[in-house]
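Visitor: I've got a model open and would like a quick tour. Could you walk me through it?

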Amino acid sequence: MARSSYKVTTRTGASQIAALVAAVLLVAAIALPTFASRSLIQDMFFILTMLTLAQFWNLLAGYGGLVSVGQQAFVGFGAYMLFGGAILWGVDPVAGLLLAGVAALVLAVPTAFFAFRLHGAYFAIGTWVVAEVVRLSVAQWKAVGGGTGTSLPRDARDLMWGVQWIESAFEVRSSEARDILTYWLALALTVATIGGVYWFLRTKRGLALAALRDNVEAARSVGVDSERMKWIVFLVAAFGTGIAGALIFLQNGRISPDSAFSVIDWTAFVIFIVVIGGIGTIEGPIVGVLVFFALQTLLADYGSWYLMILGALGIAVMLFSPGGLWGIISDRTGLRLFPIQRRLERRDGLQQKEVEEERP
Amino acid sequence: MALLETRDLTAFYGDFQALFGVDLTLQEGETVAVIGANGAGKTTLMRSVSGLIRQTPGMVRLDGREIGALPADEIMAQGVAMVPEGRKLFPSLSVEENLLMGRHRRKVNGPWSLDSVYRLFPILKERRNQPGTALSGGQQQMVSIGRALMSNPRVLLCDEISLGLAPVVIRDIYAAFPRIRETGASVIVVEQDIGQAMKVADRVYCMMEGRVTLSGRPDELSREAIHDAYFGAAA
Amino acid sequence: MIWIDTIVQGILLGGLYALFALGLSLVFGIMRLVNLAHGDLIVLAAYLILVLVTLLGLGPFMAALLAAPIMFGIGWALQRLVLNRVLGPDILPPLLVTFGLSVLLQNALQEAFSADSRRIPAGWLETSSVSLGPVSLGLMPLLTFASAILVTLALQWLFYRTALGRAFRATSDDPTTASLMGVKPEAIFAKATGIAMVVVTIAALYLGTRANFDPTIGPARLIYAFEAVIIGGLGSLWGTLAGGVIIGVAQTVGAQINPEWQILAGHVAFLVVLLVRPRGLFPRAFD
């Protein structure tokens, strides 16, 4: 057999169409502020930031096997660093986003140091304890309002990079310009996150990560360093989560320890998005966030009933369809928008052969 | 009617078929040996009879009653006790507690009790309060056999009890079998050690690649026939 | 003098945390399951006692006696119908299911009882105290601590002196071999969770009579319970009691220095123990 007549590919027909559709959607999303209402922009901002948080949690739990219940530590810490930077040192909030990511990354080092001493379920609660410690400590930080919180200073808000340009280009007031700016930033962050996660999972490291999730022993025997992979995934997720958290509170304009470190808002909702959509896939969180947003829009007036339904839905998915909604869709149709498994394909395209390393 | 009977028994691990229509009978009071090389399907046979692998109805019968589809704990309650491969003592239980676990569900009175197990293996009485895992391999095997006897089973299944033990230790353990037989127990012994198996068995089944290739009384079977059934005729 | 009082109060508070933790420790020891809804189940039991007190006019202790079998049934059914289906080598499903249950319970309680904080009336017991030399000890905290010791003793007896406890340990070691002994692991797990819920009821009695509670305080109780279990060493009942006491003392000492530091001090104590003794103070020989 001539070796050259085969090539290794991850592409599928659906993935090529998906890439095309994604490109069109992206252009439309960038152009959205030119024709959409302010409330639609705000809704889109909410969807995009939740999607980003969900992608990072999915990277941790779905691929890395690290079930964290303490991601609110990085959301809150990142957000507080943006506020602190603006208030104390006059850092422009847009630059503050990067500061937030770095700060969350730095926080992740001691967090991982403690939490990695715990395994499985205890790791989960360990991360939660760290988040509580950070929340209680930040509540002692008087310069950013202590336990009651604070607002972003007017100067920082209105003179933020890009706001004035948007004001004049779109002829809108500064509050609306801020929404547009944060929406674009959220869009960029989401695209970078999904693109980055997809790229990472297709690299050697990413495949090693998948191998680790499927079978720790086997992965170790072929030389995958599980400890190192855990660190990489945890730090990357903290960095991204910190930026997303800072962005959420930049748009919000106000911060308090209880809102910034809320386990319900930044971890429970995110977990439900991933679980309902389908854990361990890139498509899952995308489906999940749409379902989540629809449920919230429909049931927002029912308060605790809404959360009860969300909790029950999460339990039901885990019991009856652990692959989530995307798992059902992709089982039925074989559809994969972000294919990761490599397949052997004849160059003449006559014959396709799936290689062993395909994962369910 | 046979006490225990498998008829056309098949077993699968996923897509891999491990047993292909095995027929085996065990009469009341009889000792039967199942011999074969590694991977012949002996342990799968034991796991199927004891319920660790669930079967479709009709494949395993005890006293003519269907037990194949029952879970392991129900089969045990009916009187089929197993000495599992690898001894499998409970590490957080003492020797005596391990033995008492044998009576956890099936509390049938009969020849076997703590006292009679200690008479069979006196060393266990000395070490009754030690953790089971602190014992030597041979002593652990004694605990495992004693644990299965504690329920006064109708059928005793012994899976590879000589595996990993020194020959002198194996002899000690097999020395207990005549005493076990005297109490009227019916026993299936799965062995790679053909010599030991032939000594204690009334009948022998030889397995290869998931099938019974030879069966009969030990004195009827020639060495050559066993060799062929064990390793394949071409070997 | 103030410090002796602080430490004694901390030890007594530790009794309450140990009661929170013992049920968690029991369930983890037997089936390696961490129930993230544990704190919310304590709060549920507290509301159940409150309802029995107000509806039937019972004293809190009688009400708890009545609530205990109901909670046993809830735990048994929860394990049988839900948790047994997700137990396995993958830790994700049980974690996510109990997390969902936590959110579900909190909001169901909020719907049923509103977000107002409540307290189980305990009459004269609430204010009674005993003087012991320089320190004055509340009767309720003393009862809490005595109950924690009694529950630890009772569980210790159950585990090491009864056939059920033997089956618990055997199933924890090796469920497959246990099934060859006629044990049904699913049934054993259901009984264990039922018993854990009886301990939860006792914890709820003291939680509800000593201070106000509302539907949202469950997760914080889960965290204290978890810290006590880890400090003590997984699966060690006396260790869990010691862990509760350490958290309690750390909290009262922290509060003595600065009232805002109470909770933080408990968490910091936990992190310090995790740093110097990652396997806890009294680790089991094998796991």
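Visitor: Let's start with chain B: how many bridges join E1(B) to E4(B)?
Guide: Before the count, note that this is a predicted model, where local features need pLDDT of at least 70, side-chain atom pairs count only at pLDDT 80 or more, and totals for chains, interfaces and linings use all residues. Residues are numbered from 1 along each chain as its sequence is written, while chains are lettered from A and ligands numbered from 1 in the order in which they are written. Strands (E, at least two residues) and helices (H or I, at least four) are DSSP runs numbered from the N terminus, and two strands pair if DSSP finds at least two bridges between them. E1(B) and E4(B) run antiparallel, and the number of bridges joining them is 3.

Visitor: What is the bridge partner of B:Arg61 in E5(B)?
Guide: Strand E4 (residues 60–62) of chain B also pairs with E5(B), antiparallel and over 2 bridges. There, the partner of B:Arg61 is B:Glu66.

Visitor: How many bridges pair E1 with E2 in chain B?
Guide: The hairpin of E1(B) and E2(B) has 2 residues between the strands, and B:Gly14 takes a positive phi near 65 degrees in it. Along the strands, B:Leu9 stands opposite B:Val22 in E2(B). Strand E1 (residues 4–13) and E2(B) pair in the antiparallel sense, and the bridge count is 7.

Visitor: So what order do the 4 strands of the open sheet take?
Guide: Begin at the edges: strand E2 (16–26) and strand E5 (65–66) of chain B each pair on one side only. The pairing throughout is antiparallel, and the order is E2-E1-E4-E5.

Visitor: Moving on to the chains, which pair shares the most contacts?
Guide: Two residues are in contact if their C-beta atoms, placed from the backbone, lie within 7 Å. By that test no contact joins chain A and chain B, whose closest C-alpha atoms lie 16 Å apart. Chains C and B do touch, with 16 residues from chain C and 20 residues from chain B. Of the 2 pairs of chains in contact, the one sharing the most contacts is chains A and C.

Visitor: Which element gives the largest share of the side of chain C that touches chain A?
Guide: On that interface, 31 residues of chain C are in contact with 32 residues of chain A. Helices H3 (60–86), H4 (92–113), H9 (218–232) and H11 (262–276) of chain C each give two or more residues to the chain C side. That side divides into 23 nonpolar, 4 polar and 4 charged residues (Ala, Val, Leu, Ile, Met, Phe, Trp, Tyr, Cys and Pro count as nonpolar, Asp, Glu, Lys and Arg as charged, the others, Gly among them, as polar). The largest share, 14 residues, comes from H4(C).

Visitor: What covers the buried residues of H15(A)?
Guide: Buried here is 20 or more other C-beta atoms within 10 Å of a residue's own, exposed is 12 or fewer, and partly exposed is in between, with C-beta atoms placed from the backbone. The buried residues of H15(A) include A:Leu307, A:Gly311 and A:Ile315. An α-helix has 3.6 residues a turn, so residues three or four places apart point the same way. The cover includes helices H13 (263–277), H14 (283–299) and H16 (324–333) of chain A, together with H3 and H4 of chain C.

Visitor: How far does H15 of chain A reach?
Guide: Helix H15 (residues 304–320) has 17 residues. The expected span is 1.5 Å times one less than the number of residues, and that comes to 24 Å. From first C-alpha to last, the helix is close to that expectation, at 24 Å.

Visitor: Is A:Gly90 buried or exposed?
Guide: A:Gly90 sits in the loop between H3 and helix H4 (93–115) of chain A. Because A:Gly90 has 10 other C-beta atoms within 10 Å, the label is exposed.

Visitor: Last one: which element supplies the largest share of the side of domain 1 of chain A that touches domain 2?
Guide: An automatic or database assignment sets the domain bounds, giving domain 1 (39–261) and domain 2 (264–335) in chain A. Between them, 18 residues of domain 1 are in contact with 17 residues of domain 2. The domain 1 side divides into 13 nonpolar, 5 polar and no charged residues. Its largest share, 11 residues, comes from H2(A).
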